Amino acid sequence: MADLSECQVGVGCLQCLRTVKPPTIGVLILPTLEGWKTEAIAFSSNISSTYLADCKLITFPIALYKVMRHVAEGIHLITLANNELKSVTSKFIITFSQLRELNLEGNYIHHLPEEVRTLLHLRNINLSRNKFHIFPDQLTSLQALEMINLEENEITGKKICSCAFNPLPAKTELIGSGTAGSPSLFPGHTHGPDLSTLISILVSSIQLYLCVLLLCSSSKVCSTM
């Protein structure tokens, strides 16, 4: 039996929790309008999605790690949108290592754990309406990523891109703006600078350096005369 009575799961999550289906018969203690009640659920082993949105969660329920331990590697989509999460734990990332989609929209998250780099199959991550101040550099390691949503965070223009030096995969779409109503921080960019841009910057830098050398040499010649 998994007792969720101390997991700070709201009444609105009753239906959400019924979608968590390990491959055995289990018993969950679930919140209802009348209080807590025990409910037996017939579980199947083909579950691939878990929805825990709008539940007022401040952390991922510890009991669910136990309930889902037999099917964790088969979970490809987790939705934790519109909760009160302040962080994503290393344990969460390690447990659900086969994620393809992760929706963390509408929380208070300001950083990601380094273990995010191990989510090699992750294709979409929604981090909109959170508290990020800088671009989460861990995401640049994920070659399967197709979409990152960072809209309505607190990322300013000076703190955008570590991804300029660690480019995202060319196929990755990067959506983002600093706060509601502000212009996009990533105008026309879906990934880091391409090779031609870097070469152009390098050539310009060399030309500037040569000009400075020439001016210095000229000034020395004039002074000796």
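1. I148 stands opposite L174 in β9. Four bridges join β8 to β9, and the two strands run parallel. Two strands are said to pair if DSSP finds at least two bridges between them.

2. A word on the source. This is a predicted model, in which local features need pLDDT of at least 70 and side-chain atom pairs count only at pLDDT 80 or more, while totals for chains, interfaces and linings use all residues. Residues are numbered from 1 along each chain as its sequence is written, and side-chain values use heavy atoms, with hydrogens and water left out.

3. The overall composition comes next. The protein has four helices and nine strands. Along the sequence they follow the pattern β-α-β-β-β-α-β-α-β-β-β-β-α. Of the 225 residues, 42% count as buried; buried means under 20% relative accessible area, exposed over 50%, and partly exposed in between (1.4 Å probe, protein chains only). Among contacts (heavy atoms within 4.5 Å) between residues at least 6 apart in sequence, 52% join residues at least 24 apart.

4. Six strands form an open sheet in the order β4-β5-β6-β7-β8-β9, with parallel pairing. The edge strands are β4 and β9, each of which pairs on one side only. Neighbouring strands of this sheet are turned by 5 degrees against each other on average, direction ignored. For such angles, axes are lines fitted to C-alpha atoms, for helices over the stretch in contact, and angles run from 0 to 180 degrees between N-to-C directions.

5. Y51 stands opposite T79 in β5.

6. The bridge partner of N126 in β8 is N149. In a regular strand the side chains alternate between the two faces of the sheet. Both faces of β8 are covered: M147 and N149 are buried on one side, I148 and L150 on the other.

7. Where does N153 lie? N153 is in the loop between β8 (147–150) and β9 (173–176). N153 has a relative accessible area of 1%, so N153 is buried. The side chain of N153 reaches the backbone oxygen of L127 at 3.0 Å.

8. H110 is in the loop between β6 (101–103) and β7. H110 is partly exposed because its relative accessible area is 43%. Not counting residues up to four places away in sequence, H110 touches K86, K131 and F132. H110 and N130 are 20 residues apart in sequence and 6.7 Å apart in space, C-alpha to C-alpha. The side chain of H110 also makes a polar contact with the side chain of H111 (3.3 Å). A polar contact is a pair of N or O atoms within 3.5 Å; within protein, one must be able to donate a hydrogen and the other to accept it, and residues adjacent in sequence count only if both atoms are side-chain atoms.

9. The structure holds five aromatic pairs. F60 and F92 form one that is edge-to-face, at 5.3 Å centre to centre with 65 degrees between the planes. This pair links distant parts of the chain: F60 is in the loop between β4 (49–51) and α2 (62–67), F92 is in helix α3 (residues 90–95), and they are 32 residues apart. F92 and F96 form a tilted pair, at 5.2 Å centre to centre with 55 degrees between the planes. Rings of Phe, Tyr and Trp (its six-membered ring) pair if their centres lie within 6.5 Å; planes under 30 degrees apart count as stacked, over 60 as edge-to-face and the rest as tilted.

10. Are F60 and F92 buried or exposed? Both F60 and F92 are buried, and F96 is buried as well. Ring pairs link F60, Y65, F92 and F96 into a cluster. K91 lies over the face of Y65, at 4.4 Å from the ring centre. A charge sits over a ring if NZ of Lys or CZ of Arg is within 6 Å of the ring centre and within 35 degrees of the ring normal.

11. Two residues in the loop between β4 and α2 are worth checking: D54 and K56. Phi of D54 is near 55 degrees, a positive value in a residue other than glycine. Phi of K56 is near 60 degrees, also positive in a residue other than glycine. K56 is exposed, with a relative accessible area of 61%.
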